[in-house]
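The sequence and the model are shown here.

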Amino acid sequence: MDIAMIGLGRMGANMAERLHRGGHRVIGVDPGEAARTAAAARGFEVSASIADTLAALPVPRVVWLMVPAGVVDQTLASLSPHLSEGDVVIDGGNSYYKDSMRRSEQLQGEDVTYIDCGTSGGVWGLQEGYSLMIGGDKAAVERIGAIFRTLAPGEDRGWAHVGPSGAGHFCKMVHNGIEYGMMQAYAEGFALMQHKTGFNLDLAQVAKAWQHGSVVRSWLLDLSADALGRNPQLDGIAPHVDDSGEGRWTVAEAIDLDVSAPVITLSLLERLRSREKNSFSDRLLAAMRNEFGGHAIKSP
């Protein structure tokens, strides 16, 4: 198939290369010269112009957006004048699912199909394939199914049309919320073992033992084992954990639906806590303990 990949960052460039390797014609689009130069070295076509790219593709066209959630509407505004009836636009980024529903309705009025595709796989997707959660018109998804089959780990696994517009990004949102909880559990468990100094545990060794046969084995554990093997004390890594926003959306949705999700919620709060270099709340706790019990206050 012929496809335009708009956004050639880490994910977009890797996905474009996987599609190119799979025999599809890919034109990668990015405003950054460095991104275009790096992408061109991978063997597929590159362009700085959305208009030129769409003009070069046969109609009806397939356009995949791999851009940050905050610039999707801006990108669609640049695309719209060049789209034609029957074109398909796929948003593979981490957009909020309600925004995807709105965008689908908006483009439907222009006879353009909008598909939201939650994409998981990170920097390993080029090698291992991507997990794809697809929302939108079923007929359109089937028509361009060769694209999803190429990006996925296998033709019949790792991808699914999960429902109508918004369903794909909703599933990816929940996926990321679960990811937050799993990562936090691993982090706390390994921290507990690291603090048991009397046993002098080799954490990489423990992680490797858990990789085979254990009920907690997973890809995240594999990555943890690799990281601990390279850097057992995690030297040079600041205790600052960012969040993509999807964990916040998951917690908000849980509240809206009256669903108890304490693990995901607390894992998000722990990420926020990691960014406090001089926690006011902790200092106030120390002050209160001193006030009611005379407990000593430590100087910074």
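## Terms and basis

A crossing is called left-handed if the near helix is turned anticlockwise from the far one by less than a right angle, and right-handed if it is turned clockwise. Helices (H or I, at least four residues) and strands (E, at least two) are DSSP runs, numbered from the N terminus.

The model is predicted, so local features need pLDDT of at least 70 and side-chain atom pairs count only at pLDDT 80 or more, while totals for chains, interfaces and linings use all residues. Residues are numbered from 1 along each chain as its sequence is written, and side-chain values use heavy atoms, with hydrogens and water left out.

## The chain as a whole

The secondary structure of the chain comes to 14 helices and eight strands, and its C-alpha atoms fill a box of roughly 75 × 40 × 35 Å, taken along the principal axes. Of the 300 residues, 40% count as buried, where buried means under 20% relative accessible area, exposed means over 50%, and partly exposed is in between (1.4 Å probe, protein chains only).

Contact means heavy atoms within 4.5 Å. Among contacts between residues at least 6 apart in sequence, 66% join residues at least 24 apart.

## Helix α1 and its surroundings

Helix α1 (residues 10–21) has 12 residues and reaches 17 Å from its first C-alpha to its last, close to the 16 Å expected at 1.5 Å a residue; the expected span is 1.5 Å times one less than the number of residues. Nine of the 12 residues of α1 are buried, so the helix is largely enclosed by the rest of the structure. These buried residues are M11, G12, A13, N14, M15, A16, E17, R18 and L19, and they pack against the strands β1 (2–6), β2 (25–29), β4 (62–65) and β6 (113–120), and also against the helices α6 (125–128) and α8 (145–151).

A16 counts as buried at 0% relative accessibility and, leaving aside its neighbours within four places in sequence, is in contact with M5, V26 and F44; the C-alpha atoms of A16 and G43, 27 residues apart along the chain, are separated by 9.9 Å. E17, also in α1, is buried with a relative accessible area of 11%, and it touches R42, F44 and L126 when residues up to four places away in sequence are not counted. Just after α1, G23 takes a positive phi of about 100°.

Two packed helices are described by the angle between their axes and the distance between the axes. Axes are lines fitted to C-alpha atoms, for helices over the stretch in contact, and angles run from 0 to 180 degrees between N-to-C directions. Angles under 35 degrees count as roughly parallel, over 145 as roughly antiparallel, 65 to 115 as roughly perpendicular and the rest as oblique.

Helix α12 (residues 246–256) and helix α13 (residues 262–273) pack at an angle of about 140°, with their axes 9 Å apart, and are therefore oblique to each other. In this packing α12 passes α13 in a left-handed crossing. G247, R248, T250 and V251 of α12 make the contact with I264, T265, L268 and L272 of α13; by class, there are four nonpolar, three polar and one charged residues. Here Ala, Val, Leu, Ile, Met, Phe, Trp, Tyr, Cys and Pro count as nonpolar, Asp, Glu, Lys and Arg as charged, and the others, Gly among them, as polar.

Helix α9 (residues 167–195) packs with α13 at an angle of about 70°, with the axes 8 Å apart, which makes α9 roughly perpendicular to α13. On the α9 side the residues are G177, I178, Y180, G181, M183 and Q184, and these meet V263, I264, S267, L268, E270 and R271 in α13. The residues of this contact divide into six nonpolar, four polar and two charged.

## Backbone details in loops

A cis peptide bond, with omega of about 0°, joins V59 and P60, and P60 has its place in the loop between α3 (50–56) and β4.

Positive phi values also occur at D111, near 60° in a residue other than glycine, and at D258, about 60° although D258 is not a glycine.
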